[in-house]
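Here is a friendly briefing to keep beside you while you look through the model. It covers a metal site, some charged pairs and a cavity.

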Amino acid sequence: MKIIDNVFVVPGVVANPYIIVDPDGLTVIDAGLPRSQKKILAYVAGLGKQAQAVKRIIITHADLDHFGGLAALQAATGARTYASKIEAAAIAIGKSSREIKPTGFSFRRVLFAVMRPLMKATPFQVDEIISEGQTLPILGGLRVVETPGHTPGHISLFASSVGVLFCGDSIVSDEKGLHGSRPGITWDETKARESERKQATLGASIVCSGHGPVVMDAKGKFPI
Ligand SMILES: [Zn+2]
């Protein structure tokens, strides 16, 4: 689905992968659950591009639904891969960067216990470590914004030229708007709230989160 010119979200994948088209090639932000590379590559083909046109893959954080498809997507594309130092260390051993402690009613706990053995990803060595303030030559300048809280090394990416924020799971969306990282899957609640406030000040007009719909006219909708 097209968001703005040259920015797309791949439908039907958990979590949302985003595709940016630049003259020198494509960038994918987050790679979905294991085996999601098939849907991502089908979408790339639908844009009239070869798999090898994908030049960069950026991972916001090392949860399985964001990096599960990374190893296979990289193998199919030859893309250069990027993550923060903390998240890259977790991806390198195929695990999340923090322990998930599900809270709330028992059904979720049971589901979690059942799902846990399935929550494995192929360990993968990321090519490049990225950190706060770095601007990548993508979409007119894609700035790395460190947004710890959901996980310790979570990053968001902000394209100021078009006002688009890719926020992974540091902020999630639904029909009602934008919400913070949910309790039970948040590494540090205090840091999560700080990261939400930080992102509210960036001046983003479009928010592309890991879960839920893309939020247009995002100003004033941030969870602060
Ligand atoms: Zn997550």
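This model is predicted, so local features need pLDDT of at least 70 and side-chain atom pairs count only at pLDDT 80 or more, while totals for chains, interfaces and linings use all residues. Residues are numbered from 1 along each chain as its sequence is written, and side-chain values use heavy atoms, with hydrogens and water left out.

**The cavity**
- The structure holds one cavity of 30 Å³ or more; here a cavity is a set of points on a 1 Å grid over the protein atoms alone where a 1.4 Å probe fits but cannot get out.
- The volume of the largest cavity is about 30 Å³, a volume being the space filled by probe spheres set on the points, which are joined across faces, edges and corners.
- Among the residues lining the largest cavity are Asn16, Tyr18, Asp30, Phe166 and Cys208; lining residues have an atom within 4 Å of a point.
- Strands S11 (164-168) and S14 (206-209) each supply at least two residues of this lining; strands are DSSP runs (E, at least two residues), helices are runs of H or I (at least four), and both are numbered from the N terminus.

**The zinc site**
- His61 (NE2), Asp63 (OD), His150 (NE2) and Asp169 (OD) coordinate the zinc ion at 2.1 to 2.2 Å; donors are N, O and S atoms within 2.8 Å of the metal (3.2 Å for Na, K and Ca), and sites may look incomplete because water is not among the atoms.
- His61 sits in the loop between strand S5 (54-58) and helix H2 (64-67), and His150 in the loop between strand S9 (142-146) and strand S10 (155-159), 89 residues apart.
- His61 is buried at 0% relative accessible area, and His150 is buried at 2%; buried means under 20%, exposed over 50% and partly exposed in between (1.4 Å probe, protein chains only).

**Salt bridges**
- There are eight salt bridges in the structure, each a side-chain nitrogen of Lys or Arg within 4 Å of a carboxyl oxygen of Asp or Glu.
- The zinc ligand Asp63 also forms a salt bridge with Arg98 (2.8 Å, N to O).
- Asp63 is buried at 8% relative accessibility, and Arg98 is buried at 7%.
- Arg56 pairs with Asp24, their closest N and O atoms being 3.1 Å apart.
- Arg193 and Glu196 form a salt bridge, with the closest N and O atoms 2.9 Å apart, and both lie in helix H6 (residues 189-200).
- Salt bridges that share partners join Glu189, Arg193 and Glu196 into one network.

Key:
On a 1 Å grid over the protein atoms alone, a cavity is a set of points where a 1.4 Å probe fits but cannot get out, and a pocket is an open set with protein on both sides within 12 Å along at least five of seven lines; lining residues have an atom within 4 Å of a point.
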